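The following paragraphs lead the reader through one protein structure, beginning with a single contact and widening the view from there. Please keep the sequence and the three-dimensional view at hand while reading.

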Amino acid sequence: MANTDVETLNSFLRGEISAVETYRQAIGHVSDDRIRGAIEDCLHDHEHRVEALRERIEKLGGTPAGGSGIWGTFAKLVQAGADVLGEKTAIQALEEGEDHGLADYQRDMDKTHGEARRFVRMELLPAQKRTHERMSRIKKTLH
């Protein structure tokens with residue numbers, strides 16, 4: 001079970017690393033200070049999840065993923081479009097990433113067991129729901 005938990009948590013970790021990379025890229029495209037502040041809050045939330053996941057994986061005897069893998073490549077492609085199209089597209093890319101992250105947690109949390117499942121259900125998923133909601137509100141303010 002610990003091996004399955006490590007694999008699943010590493011999958012979540014790669015997604016969180018990808019989120020951090022994407023948020024860092026997107027911040028440069030946001031001129032509104034209020035929106036930039038909210039995006040920075042989301043970035044910090046994702047950075048916290050990266051650290052929490054690394055610690056949990058090590059506690060289970062696993063080796064944390066070192067990068068974002070395929071999701072990082074996907075994030076770079078999405079963000080490249082935002083680089084060309086600007087602030088609104090950058091925010092839309094972030095919100096789509098939040099949709100994807102939320103779906104991943106909801107779909108895969110039951111692949112974990114015991115304490116790892118409690119960690120996902122009680123800490124990671126609620127935090128992901130908060131950043132997802134924050135980005136949805138930001139996106140709505142742009143329309």
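Predicted model: local features only at pLDDT ≥ 70, side-chain atom pairs only at ≥ 80, totals over all residues.

In H4, the residues Ile91, Gln92, Leu94, Glu95, Glu98, Asp99, Gly101, Leu102, Tyr105 and Gln106 meet a set of residues in H5, namely Val120, Leu124, Leu125, Gln128, Lys129, Thr131, His132, Met135, Ser136, Ile138 and Lys139. Sorted by class, the residues of this contact comprise nine nonpolar, seven polar and five charged.

For H4 and H5, the axes come within 9 Å and cross at roughly 155°. Angles over 145 degrees count as roughly antiparallel, and H4 and H5 are therefore roughly antiparallel to each other. The crossing in which H4 passes H5 is left-handed.

The setting of this pair is the protein chain as a whole. The chain has five helices and zero strands, and the order of its elements from the N terminus on is α-α-α-α-α. Of the 143 residues in the chain, 45% are buried. Among contacts between residues at least 6 apart in sequence, 78% join residues at least 24 apart.

H5 also packs against H2. Here the angle is about 165° and the axes lie 10 Å apart. Because this angle is over 145 degrees, H2 is roughly antiparallel to H5. H2 passes H5 in a left-handed crossing. On the H2 side the contact is made by Ile35, Ala38, Ile39, Asp41, Cys42, Asp45, His46, Arg49, Ala52, Leu53 and Arg56, and the H5 residues that take part include Phe119, Leu124, Thr131, Met135 and Ile138. The contact of H2 with H5 divides into 11 nonpolar, four polar and eight charged residues.

H2 (residues 33-59) packs with H4 (residues 87-108) as well, at an angle of about 30° and with the axes 13 Å apart. Since angles under 35 degrees count as roughly parallel, H2 is roughly parallel to H4. The crossing of H2 past H4 is left-handed. Ile35, Ile39, His46, Arg49 and Leu53 of H2 make this contact with Ile91, Leu94, Glu98 and Tyr105 of H4. By class, the contact of H2 with H4 holds six nonpolar, one polar and two charged residues.

Leaving aside neighbours within four places in sequence, Arg49 is in contact with Glu16, Tyr105, Leu124, Ala127, Gln128 and Thr131.

The next topic is the nonpolar core. The largest nonpolar core has 34 residues, and those with the most contacts inside it are Leu9, Tyr23, Ile39, Leu53 and Met135. The elements that give two or more residues to this core are H1, H2, H4 and helix H5 (114-141). Which element contributes the largest share of this core? That share, 10 residues, comes from H1. The contacts of Tyr23 can be listed in turn: not counting residues up to four places away in sequence, Tyr23 touches Ile39, Cys42, Leu43, His46, Leu94, Glu98 and Met135.

Helix H1 itself spans residues 2-27 and contains Asn10. Asn10 counts as buried because its relative accessibility is 9%, which is under the cut-off of 20%. Beyond residues up to four places away in sequence, Asn10 touches Ile57, Thr63, Pro64 and Ala65.

Gly15 is likewise found in helix H1. With a relative accessible area of 24%, Gly15 is partly exposed, since that class lies between 20% and 50%. The C-alpha atom of Gly15 is separated by 9.2 Å from that of Gly67, although Gly15 and Gly67 are 52 residues apart along the chain.

To draw the helix pairs together: H4 and H5 are roughly antiparallel, H2 and H5 are roughly antiparallel, and H2 and H4 are roughly parallel.

Note on methods
Residues numbered from 1 in each chain as written. Heavy atoms only, no water. Axes fitted to C-alpha atoms, helices over the stretch in contact; angles between N-to-C directions. Helix = DSSP H or I, 4+ residues; strand = E, 2+ residues; numbered from the N terminus. Parallel < 35°, antiparallel > 145°, perpendicular 65-115°, else oblique. Left-handed = near helix turned anticlockwise from the far one by under 90°. Contact = heavy atoms within 4.5 Å. Nonpolar A, V, L, I, M, F, W, Y, C, P; charged D, E, K, R; others polar. Buried < 20%, exposed > 50% of the residue type's maximum accessible area, 1.4 Å probe, protein only. Core = buried A, V, L, I, M, F, W, Y, C linked by side-chain atoms within 4.5 Å.
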